[in-house]
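Me: Hi! I'm new to this one and would like to walk through it bit by bit. Can you help me find my way around?

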Amino acid sequence: MSEVKLWMTDARVRRDVEKIEEARPPLILFWLSANAGARPTMPPLKISIIGAGPAGCMLGRILSLSNIPFQIYESDESPDYRSQGGSLDLHPGTGLAAMKDAKLWDEFLKYGRFDGDYMLVADKDLRPLMQFGPGNKLNERPEIDRAELRRILAESLPEGSIKWGYRLRRVEEGNVLVFDHTIVTDSDLIVGCEGGWSKVQSYVAPAVKPYYSGVGYHGLRIPDAANTAPDVYKLVNRGSVFAASNGKRITIQQLGTGALSVGWCSSRPENWMETCGYDPHNVEQVKEAILKDMEYWGPLLREAIEKVGEDLCDGKNLYMLPVGWRWEHRRGATFIGDAAHLMTPFAGEGVNAAFDDARKLAAAIVRAVQAGGGPGEVDKAVKAAEEDMFERMKVYQRQTDEVTKLWFFSKEDIKDVIPKVMIEHAKAKTPTVLHPLIWGLISSYWFLKKRTLG
Ligand SMILES: Cc1cc2nc3c(=O)[nH]c(=O)nc-3n(C[C@H](O)[C@H](O)[C@H](O)COP(=O)(O)OP(=O)(O)OC[C@H]3O[C@@H](n4cnc5c(N)ncnc54)[C@H](O)[C@@H]3O)c2cc1C
């Protein structure tokens, strides 16, 4: 009852309720046209997707290609409500395969940076430890700005597919979606795609919560880097630079806008934002604090911090969901992407795994609907898709957990950490039976390489 009073006293909310009414006719027309060829007696399934991030938009896009209706609810007020952060590399077999399934490959080719796969991994003095690309034809991993990716996906959806400004507070018994300002009661299937701390995850599996990885993050940016920081710009070579030492790591990445995204991660207590002695959202204070941490780092890496501009100053803790966890299926509700397997970004698999989840869940729903299935059959398909996701996600989760420990919590010299990181990445891509061989090959290679590193 208090909820109802809350809506009715809030003018903005009244407008939103009106908007829902306005939105109804086109949505119903879309449903009718979508189901024009289907069995006439089968009412359309009502699918509610929470979150218009990569997972939610990809799921919606692939469903829309088969004329399966859905509604996405997104807490952001608009597509460009907040900065969408840095660059993402899409991998063959997962992220890139999803863009193809979504028939967005041509669009991706316009904005994906295939020359962006240069990667330098160095120590704090910028001594190269590993270098790849540019133009690794065997394992292309083109980069795309997160903002561009969201725009491509959001614009590919039928009009009205995303309701902006809908923040889900909780899901109540009976699939009732409680938003800040309204409720939605008639969802046959809810798909949580709202990232870490998902409300749909809490509804299905309330006992499990993300835990702190032990790593804090600052997200910064150098605008117009070719002119404002030419030496750093050249170093990045249109790709990415990672440099690490003693539980601290800087990442510098080219963005399509000409800016460089700069990330600073370090092992910290969970309450560091209250105890660090500076404002983690004040760029000048953050730069000063990082430069203090980088006292003995090489001058060009320090310059990357010195040249950071004022347009972005993100600060947060990095959380994870437990490695290898799974949940009891709950009829009518599921969750994918970060909502299911929130990870730190250090294995670079998050968005790829989210896309893979979305395309596989979409394919399962499409198959069930096209076979004439109702909510019961669709639910069985969703359960099977969950089982498949559990198997896939534990591999990425384990890989991410191991490399996070290596980068931030190993007491070894960075030169001894790198081969172990390489082994973890290779293990995630190969069958278990080959792991001893992988270990042997990489260890031998590194033994020889280390002698050249000095
Ligand atoms: C610093 C950083 C760097 C990263 N770098 C990489 C990388 O290089 N490569 C890679 O593969 N992955 C990377 N990741 C991980 C990647 O960003 C995520 O795995 C990916 O975005 C997950 O997509 P998603 O759609 O599941 O969730 P999200 O991207 O989190 O999207 C969730 C959406 O739901 C909305 N939402 C949230 N709460 C609600 C609510 N209550 N109600 C309604 N809507 C809501 C959000 O506004 C958002 O639009 C990085 C992550 C971080 C933090």
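Me: What stands opposite Arg-221 in β15?
Reply: Ser-261 stands opposite Arg-221 there. A note on names: helices (H or I, at least four residues) and strands (E, at least two) are DSSP runs, numbered from the N terminus. Residues are numbered from 1 along each chain as its sequence is written. Also, this is a predicted model, where local features need pLDDT of at least 70 and side-chain atom pairs count only at pLDDT 80 or more, while totals for chains, interfaces and linings use all residues.

Me: Thanks! How many bridges are there between β12 and β15?
Reply: There are 8, and β12 pairs with β15 (residues 260-267) in the antiparallel sense. Two strands count as paired if DSSP finds at least two bridges between them. Within that pairing, Tyr-217 has Cys-265 of β15 as its bridge partner.

Me: Which strand is joined to β12 by 7 bridges?
Reply: That is β16 (residues 314-320), and β12 and β16 run antiparallel. Tyr-211 stands opposite Met-320 of β16.

Me: And what about β14, how does it run relative to β15, parallel or antiparallel?
Reply: Antiparallel: 7 bridges join β14 (residues 248-254) to β15. Gln-253 has Ser-261 of β15 as its bridge partner. β14 and β15 make a hairpin, with 5 residues between the two strands. Gly-258 sits in the turn and has a positive phi of about 95°.

Me: Changing topic: what is the strand order in the open sheet of 5 strands?
Reply: The order is β7-β2-β1-β11-β17, with parallel pairing. β7 (162-164) and β17 (333-335) stand at the edges with a single partner strand each, so one side of each has no neighbour in the sheet. On average, neighbouring strands of this sheet are turned by 20° against each other, direction ignored.

Me: How many bridges link β1 and β2?
Reply: 3 bridges, with β1 (residues 47-50) and β2 pairing in the parallel sense. Ile-49 stands opposite Ile-72 of β2.

Me: Which strands does α3 lie across?
Reply: α3 lies across β1, β2 and β11 (189-192), and runs at about 155° to β1. For angles like this, axes are lines fitted to C-alpha atoms, for helices over the stretch in contact, and angles run from 0 to 180 degrees between N-to-C directions.

Me: What order do the strands take in the open sheet of 3?
Reply: β8-β9-β10, paired antiparallel. The edge strands are β8 (168-172) and β10 (183-184), each with a single partner strand, so one side of each is left without a neighbour in the sheet. β8 is joined to β9 (residues 176-179) by 4 bridges, and Arg-170 has Val-178 of β9 as its bridge partner.

Me: Now the ligand! Which residues come nearest to it?
Reply: Gly-51, Gly-53, Gly-195, Gly-337 and Gly-350 come nearest, out of 33 residues around the ligand. A residue is near a molecule if its C-beta atom, placed from the backbone, lies within 6 Å of it.

Me: Which element gives the largest share of that shell?
Reply: α14, which supplies 4 residues. Elements that each supply at least two residues include α3 (54-65), β2 (71-74), β12 (211-222) and α14 (350-370).

Me: Why does the shell lie between domain 1 and domain 2?
Reply: Because domain 1 (2-84 + 147-210 + 322-398) and domain 2 (213-319) both give residues to the shell. The domain bounds come from an automatic or database domain assignment.

Me: Last one: at what angle do the axes of α15 and α16 cross?
Reply: At roughly 175°, and the axes of α15 (residues 375-409) and α16 (residues 414-428) come within 9 Å. That makes α15 roughly antiparallel to α16, where angles under 35 degrees count as roughly parallel, over 145 as roughly antiparallel, 65 to 115 as roughly perpendicular and the rest as oblique.

How values were computed: Contact = placed C-beta atoms within 7 Å.
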